Protein chains: 2
Amino acid sequence: MISKIAEEVLIKGTAYENLRNLTKKVGARLTASPGYYKAEAWGQQALQEAGADKVYLQECTVPHWVRGGKDEARYYAGKDTKGQSLDVLALGNSQGTGPKGISAPVILVNSFEELENRKDEVKGKIVFYNYKFNPRFVLTFQSYSDAVRYRGQGAARASRYGAVAVLVRSMTHATDNNPHTGGMNYNDSFPKIPALAVGIQDADKLATSITSSKTVKLFLKSNAKMLADTIAHNVIGELTGTEFPEQVITVGGHLDSWDPAEGAHDDGAGCVHSIEVLRALKAIGYRPKRTIRVVLFANEENGLKGGTKYAEEAKSKNEQHIFALESDAGGFTPRSFGFTMSKERIEKVRTWLPLFAPYLVWQFNDGGGGADIGPLNRTFGTPVAGLQPDSQRYFDIHHARSDVFEAVNKRELELGALNMAALIYLVDKYGL
Amino acid sequence: MISKIAEEVLIKGTAYENLRNLTKKVGARLTASPGYYKAEAWGQQALQEAGADKVYLQECTVPHWVRGGKDEARYYAGKDTKGQSLDVLALGNSQGTGPKGISAPVILVNSFEELENRKDEVKGKIVFYNYKFNPRFVLTFQSYSDAVRYRGQGAARASRYGAVAVLVRSMTHATDNNPHTGGMNYNDSFPKIPALAVGIQDADKLATSITSSKTVKLFLKSNAKMLADTIAHNVIGELTGTEFPEQVITVGGHLDSWDPAEGAHDDGAGCVHSIEVLRALKAIGYRPKRTIRVVLFANEENGLKGGTKYAEEAKSKNEQHIFALESDAGGFTPRSFGFTMSKERIEKVRTWLPLFAPYLVWQFNDGGGGADIGPLNRTFGTPVAGLQPDSQRYFDIHHARSDVFEAVNKRELELGALNMAALIYLVDKYGL
């Protein structure tokens, strides 16, 4: 059966062409942007074409953040009056500077520890977090977990000490200069100061300048703002179970993406992976015992309202969720799945591992899932899993302009879908 | 010790910058071309900078094939007199058409079986081998082994039946139209007819045209020719063993590359991997018991004279070769090593596998090595191994214009070097 799935995906797969359509015809699709609503229409059509028995939308209230125009930054070292421009992107959910921008002296800190030690110097300044993406971690998600707090909490922590804005070094192993945006959070007790990401070449340039000249001023301009909440939708397609239709197996990725690129790996790949699971099972004539539900989640990037709503509605309808699988780590060659569930279940699942080895999934790890299916796991204790592709290139393009269709390899993408379909098939067939 | 190696390679690694120099300052380096001799100089310098105790050249006699100018192809379907051009590349070691080119009717065959069945139709025609790269194989090297006979033997087998030239569909999963060149062989009993590779989009176009119009003529022009044999060198650098200097551990890749590109993955990656093994061991202060010898082999692509010479000289000097490792499958994230050696030795080596798991090598496979170290294995029975990186993208760029530095990811490249250094360290320390 799994070799049938493999042949179907590798020979007649549609994931790559689906991704081309999503990235090239829809493109960027930040929650509540026009692109997002186009993506909802794309998702419905793609699920219908894949052969879903039922396609529908699930409404949810979402934040509506807009970039509002081009972000700008320049620094002035010593007596330089012309300034050197920096490639920057306002962080998601951040407040803009207003149309005139902000000029202030800059203070470089390499860590929160340094911020605390120098908190008396921060007032009236722009804090530049120059914390570097750690190359020691072999798995790049560890480098990301390690560094992302500067993006998430940097503004709030600097604002506490009177900073007027923050600039955050991008979280990437890439050698290019693209800034990497991403979500951030304010602390309501302190002013909501502007927060921007800067490309790593420019971060190094700025750091060098600060070392050699004691007086470096920074000019930042961002037009970002948070508008009133609005409505968006999870896009859902199902193969209805033949024996236990009330038992739901969820497989999904998130439909929204950051605005500067096409969201090809993050998370167009997860969307087309999930659609391909449904398509391939249907195409080979498999009739699932349980209901297999593909969910393209809204608003993972800056609010998680889609995943939250999905779990809430499941609870209010008293649905039975036996398993959920997410793909939100890119369309690279798969290496493993990570599972968050009881030890007994993991042991059962591990007996299936040899079936995956020929398709390049060689490990089933403890721990894993996905942001969007987290609420389901927390609400019901539903066993969850996440696809774990090779992670070396993910943070090269993550949340940056370079996350485009051309960065995705057809075969690597297909191998992800193939392994996901195999796992969903086994869970449907043998339970958990 | 291995984590020390890992830190060294991931934090202070020079493989990526070495590869940038090789690909961007030297570039294409087909055996006996000016680029090849520049690459010899590059290799010596890189090995010196890496800290080799001794750097030297090993002379060998090599074939001298030249492309001689731009290859051309057009087809004329039915009454079309203008013709449609095709993107082609003469195959390595092939004879050209002469300055006027060759025009002849084309016959499409999908396999050698079809060629045999239709052998009476072949005389005076150009045979177009349209055998497709098989997507069913998960490991792309299997697709390559399956398809490469059409490139290697296609001309000889068609010439036997009176064909005047052959055109061969490129061996690739890429979706682009770049033709993929590569070595081919004639059979001395039959005329040496021209042989060219065609990009897959153009192959499909031509096939469609042949299906819809019974009279399709093909014009081919290639200026390729084989000149007299000449001299080139293997470039060698050593760390001399402190306890058993007479025991040699070889680690290498091949320095030559096809002419249309930069040979970044094939096999610039293998060269800089091998140099990095030496550099990292030296940098962390490891003094090997045995002699670790990095060899950048000449002429792997169209003659294997470098590898052959290396084994011959080892034999004539009565050297003791205890192990050889090659990297010639690209600079992608490593997944495994493949070993050709006794069962007992493989079992011993397998006890080391847990040491590699954190660095993403999760399997030690039976069978493997490399073309250049094959002669060593056949001469002495030396245990050999090959690095096995993720293979999904390799044949997208293999022998095509797209095999450039930009197709290599820094981290993926470094992880290959790191695992190779770990293996060489263990073999040196504990023997085989």
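**View 1. E5(B), helix H4 and E6(B) of chain B form a right-handed β-α-β unit.** Helix H4 covers residues 112-117 of chain B. Right-handed means that, with the strands pointing away from the viewer, the path from the first strand over the helix to the second runs clockwise. Helices (H or I, at least four residues) and strands (E, at least two) are DSSP runs, numbered from the N terminus. This is a predicted model: local features need pLDDT of at least 70, side-chain atom pairs count only at pLDDT 80 or more, and totals for chains, interfaces and linings use all residues. Residues are numbered from 1 along each chain as its sequence is written, while chains are lettered from A and ligands numbered from 1 in the order in which they are written.

**View 2. Strand E5 of chain B pairs with E6(B) and with E9(B).** Pairing requires at least two DSSP bridges between two strands. E5(B) and E6(B), residues 126-129, run parallel, with four bridges. Here Val109(B) faces Tyr129(B) of E6(B). E5(B), residues 102-109, runs antiparallel to E9(B), residues 216-221, again with four bridges. On that side, Ile102(B) has Leu220(B) as its bridge partner.

**View 3. Chain B meets chain A through 21 residues from each chain.** Contact means C-beta atoms, placed from the backbone, within 7 Å. On the chain B side, the elements giving two or more residues are helix H1 (2-12) and helix H13 (410-430). That side of chain B holds eight nonpolar, six polar and seven charged residues. Ala, Val, Leu, Ile, Met, Phe, Trp, Tyr, Cys and Pro count as nonpolar; Asp, Glu, Lys and Arg as charged; the others, Gly among them, as polar.

**View 4. Chain A is assigned domain 1 (2-64 + 228-430) and domain 2 (71-225).** The bounds come from an automatic or database domain assignment. The domain centres, taken over C-alpha atoms, lie 33 Å apart. Domain 1 gives 14 residues to the contact and domain 2 gives 17. The domain 1 side has five nonpolar, six polar and three charged residues.

**View 5. Chain A contains 13 helices and 16 strands.** Its C-alpha trace spans about 75 × 40 × 35 Å along the principal axes. Of the 432 residues in chain A, 59% are buried, that is, with 20 or more other C-beta atoms within 10 Å of their own C-beta, placed from the backbone. Among contacts in chain A between residues at least 6 apart in sequence, 82% join residues at least 24 apart.

Technical notes. A residue is buried if 20 or more other C-beta atoms lie within 10 Å of its own, exposed if 12 or fewer, and partly exposed in between; C-beta atoms are placed from the backbone. Two residues are in contact if their C-beta atoms, placed from the backbone, lie within 7 Å.
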